[in-house]
Amino acid sequence: YIFSFDNFLNSVINPEWQYLYDNGGVPAIVKVAKNTIQDEFKIPAIQTLLNIIEKQEVQDQFVSSGGMPVFIHLLKSQILEVVELSCQVIRDLAVNKHFAELLVQNQAVTNILRILQSFEEPEVLVFAVQAIRNIAQSSTKLCSTLGSTQGLITALVHLFDCNDSHLLLALTQAVSCLAEGDNSNQTAFVTEGVSKHIKNLLITHGRYREIQHSLIEAIHKLSNGNQQAQLDLKSHGIVKLLIQLLKKKRVEALLEKTAMALWSLAGERNDEKREMANYIDVPMLIEFLNSNTANINFIGSEGLGVLAQGPINKQSEIGKANGIPSVVRLLKSPHEFIVLSSVRTVRNLCVSVANVPHHNNQNSVLQSQGIRFLLALLVHSANEVIQVEAAYTLGCVSMGNKQILKEISKHSDFSFVRILRLLYSNQPIVRLLAGSALSSFAYNNFTQQKEIAQQGGVRFSCFIPFLQSDDEFYRCHAAYQTVVLARIIPDEEQAKSSAVGIKLLVDLLQDSEVPAIQSLTADFVASLCHSRAGIPAAIIAINGVDYLCNLLHSNTQEVKSTAAIALGYLSHDPVGQRKILHRCRNDPYLMRKILFYNREFHLASTFKEGWQHYRKIGLPPIQSDRTNLVQAKLEDTGSFIPASSSNLHDEGPMSRLSTTFNRRDSLYNSHLSIVSQRSPTPLASLVQIEEVK
């Protein structure tokens with residue numbers, strides 16, 4: 001009866017399965033499989049089981065009848081078809097998390113690994129690999145257990161040398177499942193050389209749609225959050241292949257997978273994200289914004305946001321390409337993560353390093369109804385983070401723009417009271433960004449400062465927890481805010497609050513070892529240097545010039561660029577000018593960096609004259625091993641290496657490659673976690689410097 005039942009069952013479960021189940025068919029199959037008869041006679045029974053095992057009731061009865069250890073033992077059979085069918089049974093059971101755990105406990109993985117290492121038949125290997133895939137997919141714990149099984153990942157990678165498309169598809173799917181969210185497994189795969197196989201498959205099997213999709217997903221899972229994997233994949237030219245695919249295909253599903261894989265390869269650092277955004281290019285990123293897929297929208301917004309940052313940015317190019325209306329449209333997205341990203345991108349498009357506004361982009365935001373949408377987010381959003389981000393962006397969009405300030409102020413729902421209230425939020429990041437929002441409105445605008453004061457003002461006590469924080473990110477922001485808002489802090493003298501902020505900023509220039517904090521601090525210093533008289537002199541008096549010059553030796557572009565711009569603003573102070581010229585005379589390479597990054601900013605004319613005088617007198621030579629400021633692109637691998645310094649001249653063309661700047665963007669998903677920080681100097685022991693007038 002059991003054997004004949006197989007004749008009319010197929011891939012679609014026959015409704016007659018219930019009769020077999022109700023009449024003890026499953027325990028009978030287990031009994032046959034357990035019998036000492038030769039394995040080839042067990043094949044019809046196993047085939048019958050496979051026809052009905054999709055049903056949960058059948059699986060439960062199979063496991064309760066003791067079938068699992070029996071079929072794990074059959075994986076050792078000498079009959080090829082028995083091994084193949086047993087792998088299918090194990091594969092189907094592994095979909096259930098509880099059964100997957102039982103399989104691992106009963107040494108199923110060890111037997112499957114033996115098959116992977118000793119069998120060459122693709123029809124067997126496919127089901128064995130699929131079984132591994134399903135076990136990995138069932139839970140993160142089991143995924144980690146599989147990765148730590150000695151020889152398993154090595155065996156999987158070696159199987160990529162085959163030519164069977166079904167096996168290759170199963171392998172790429174298994175790589176995705178094992179690599180997802182598991183840093184150790186990701187590293188193990190790239191160490192074993194999986195990147196080379198992925199590249200070859202993209203080239204040779206790209207015409208197979210399923211394999212192509214699976215490969216792209218494997219790249220995404222392998223590189224997500226793992227810098228070693230990202231570098232290894234990029235070194236094999238994966239980026240170039242994905243970019244070619246991105247620009248050829250317009251199928252939404254494939255476009256989404258490819259974009260996500262590319263952005264995952266970009267990593268977490270802003271300079272790496274900028275390189276990737278440059279690869280994708282501005283028109284394609286704007287096209288992403290107009291997609292109907294949330295993930296593509298997010299990548300488009302993030303890509304444009306990072307390209308809009310830094311002294312060598314693409315703010316104007318994005319504006320001319322009509323990118324701002326598309327970004328503004330995303331402010332109405334139903335997805336909060338997209339709203340947050342687009343709010344920050346609008347901010348980056350409107351203000352550059354040292355609080356230099358981009359008036360054309362600001363006006364484009366106004367014409368695209370962006371002010372109205374931002375005000376709606378400030379007033380009506382239920383999320384305090386979105387409220388404060390919107391307020392911060394409104395301050396940047398209106399910075400130095402009287403027309404937009406007038407538009408905001410005439411809106412009946414706008415009031416500084418809304419932002420002042422956020423200073424007392426339960427969330428530290430909201431309180432911090434509320435101070436940033438007020439600072440952006442108050443920056444170089446005495447009228448707005450008076451209005452903030454009239455509507456309640458800011459207390460120095462709001463800043464103290466941040467000024468004394470162990471988190472450099474908080475200290476840096478709070479120090480800048482106390483200087484900008486010093487005039488309207490009623491419970492502390494202006495000179496003292498300014499001195500506290502300036503001292504902490506200069507201390508961070510000296511002490512911080514985190515590139516993101518170094519660039520952020522240098523940017524704040526540059527902003528303050530053209531805000532109020534006396535501030536540059538105060539920064540210079542406590543060795544700010546020396547610390548900024550030291551940052552010019554950084555290996556990070558964003559640090560060097562912002563430090564150079566801050567020094568450019570300090571060159572307008574006579575004392576600062578002499579100190580900078582003295583440092584540059586001893587090391588002329590520093591001047592090269594200052595001139596390179598200040599081409600769109602203004603250096604003091606007397607500073608340039610002083611430098612020309614030094615050049616006539618004579619300068620020490622620049623060592624030949626000093627790296628160029630421009631990064632040379634390796635077309636064949638998609639990676640970047642420094643070019644020779646001999647190619648760069650003081651008056652040469654300015655490159656836009658590989659330069660980034662970590663703008664004071666709020667970190668919503670996880671506010672910047674800083675390690676190895678020095679404790680802040682207690683406020684009571686701050687060195688008193690000359691009064692800031």
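Student: In which hand does α15 pass α16 in their crossing?

Tutor: A crossing is left-handed if the near helix is turned anticlockwise from the far one by less than a right angle, and right-handed if clockwise. Here α15 passes α16 in a left-handed crossing. Before we go on, this is a predicted model, where local features need pLDDT of at least 70, side-chain atom pairs count only at pLDDT 80 or more, and totals for chains, interfaces and linings use all residues. Residues are numbered from 1 along each chain as its sequence is written, and side-chain values use heavy atoms, with hydrogens and water left out.

Student: At what angle do α15 and α16 pack?

Tutor: Axes are lines fitted to C-alpha atoms, for helices over the stretch in contact, and angles run from 0 to 180 degrees between N-to-C directions. Helices themselves are DSSP runs (H or I, at least four residues; strands are E, at least two), numbered from the N terminus. For α15 (residues 194-204) and α16 (residues 209-223), the angle is about 150 degrees and the axes are 10 Å apart. That makes the two helices roughly antiparallel (under 35 degrees is roughly parallel, over 145 roughly antiparallel, 65 to 115 roughly perpendicular, the rest oblique). V194, I198, L201 and L202 of α15 make the contact with L215, I219 and L222 of α16, contact meaning heavy atoms within 4.5 Å.

Student: And how are α39 and α41 oriented to each other?

Tutor: Helix α39 (residues 557-570) packs on helix α41 (residues 588-597) at about 85 degrees, with axes 8 Å apart. They are therefore roughly perpendicular to each other. On the α39 side, the contact residues include K560, A564 and I565, and on the α41 side they include K593 and Y597.

Student: Let's turn to burial. Which residues of α5 are buried?

Tutor: Buried means under 20% relative accessible area, exposed over 50%, and partly exposed in between (1.4 Å probe, protein chains only). In α5 the buried ones are V58, Q59, Q61 and F62. They fall within an arc of 165 degrees seen down the helix axis, so they line one face of α5; the arc is that of the directions from the helix axis to the C-beta atoms. An α-helix has 3.6 residues a turn, so residues three or four places apart point the same way. The cover over the buried residues of α5 includes α2 (17-22), α3 (25-34) and α6.

Student: Which residues other than glycine have a positive phi?

Tutor: Most residues other than glycine have a negative phi. D281 is one of the exceptions here, with phi near 80 degrees; D281 lies in the loop between α20 (270-280) and α21 (282-289). N543 is another, with phi near 70 degrees, in the loop between α37 (535-541) and α38 (544-551). D281 is partly exposed at 24%, and N543 is partly exposed at 34%.
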